[in-house]
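Have a look at the fold below, then read on for the details.

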Amino acid sequence: MAIARSTAAKWSLSAVAVGVLLAGCSASVSAGKTGPELSSDELAASLADKLASTTGRPKPDITCPEDLAGKVGAETRCTLTADDGSTLGVSATVTSVDGEQIHYDFEADETASPAPN
């Protein structure tokens with residue numbers, strides 16, 4: 001049981017550390033054939049990939065409630081959920097669009113929300 005608590009504590013701390021690492025990061029993704037829009041699932045997968053490569057940890061659980069429009073300035077909020085249930089908000093903002101390629105910056109909140117009791 002001590003191992004599970006230790007792991008949960010590491011993930012909880014990792015959620016906060018990820019927030020620090022995410023300040024000012026950027027990424028780009030090719031949008032689907034229907035136009036310059038990134039589906040919520042594709043955005044979540046792209047953010048998870050970027051976080052995993054930035055932190056050297058396994059891909060985190062990220063959900064995005066809405067698609068990201070391929071228009072400069074468009075933004076959406078996603079949620080990273082750690083193994084212990086704590087959450088960290090992540091904002092994604094489109095910085096440029098090149099044909100079907102959407103470039104965006106993302107930044108995590110500074111503070112994680114605790115897991116629900």
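## Strands side by side

E3 and E5 run antiparallel and are joined by three bridges; strands here are DSSP runs of E with at least two residues, helices are DSSP runs of H or I with at least four residues, and both are numbered from the N terminus. Two strands count as paired if DSSP finds at least two bridges between them.

Asp98 has Gln101 of E7 as its bridge partner. Two residues lie between the strands in the hairpin of E6 and E7, where Gly99 has a positive phi near 65 degrees.

Residues are numbered from 1 along each chain as its sequence is written, and side-chain values use heavy atoms, with hydrogens and water left out.

The average pLDDT of the chain (the predictor's confidence in each residue, from 0 to 100) is 77, and 70% of the residues score at least 70. Over residues 1–24, pLDDT stays under 50, and the model has 33 contacts for them beyond four places in sequence; contact means heavy atoms within 4.5 Å. Where pLDDT is low, the predicted coordinates should not be read in detail.

## Overall layout

The chain holds two helices and seven strands, and along the sequence they follow the pattern α-β-β-α-β-β-β-β-β. Of the 117 residues, 35% are buried; buried means under 20% relative accessible area, exposed over 50%, and partly exposed in between (1.4 Å probe, protein chains only). Among contacts in the chain with a separation of 6 or more, 55% are between residues 24 or more positions apart.

What residues of H2 are buried? They are Ser40, Leu43, Ala44, Ser46, Leu47, Ala48, Leu51 and Ala52. One of these, Ser40, has a relative accessibility of 15%, so Ser40 counts as buried. Leaving out residues up to four places away in sequence, Ser40 touches Cys64, Pro65, Glu66 and Asp67. After H2 comes Gly56, with a positive phi near 75 degrees.

Beyond its neighbours within four places in sequence, Leu47 is in contact with Ile62, Cys64, Cys78, Val90, Tyr104 and Phe106.

## Two faces of a strand

In a regular strand the side chains alternate between the two faces of the sheet. On E5, Thr76, Cys78 and Leu80 form the covered face, whereas Glu75, Arg77, Thr79 and Thr81 form the uncovered one. On E7, the covered face has Ile102, Tyr104, Phe106 and Ala108, and the uncovered face has Gln101, His103, Asp105 and Glu107.

## Salt bridges

How many salt bridges does a search of the whole structure find? The search finds two, a salt bridge being a side-chain nitrogen of Lys or Arg within 4 Å of a carboxyl oxygen of Asp or Glu. One joins Lys59 and Asp49, with the closest N and O atoms 2.6 Å apart. Lys59 lies in the loop between H2 and strand E3 (61–63) and Asp49 in helix H2, so this pair ties together parts that are ten residues apart in sequence.

In the other, Asp109 meets Arg77 at 2.8 Å, N to O. Asp109 lies in the segment after E7 and Arg77 in strand E5, so the pair links parts that are 32 residues apart in sequence.

Notes. This is a predicted model: local features need pLDDT of at least 70, side-chain atom pairs count only at pLDDT 80 or more; totals for chains, interfaces and linings use all residues.
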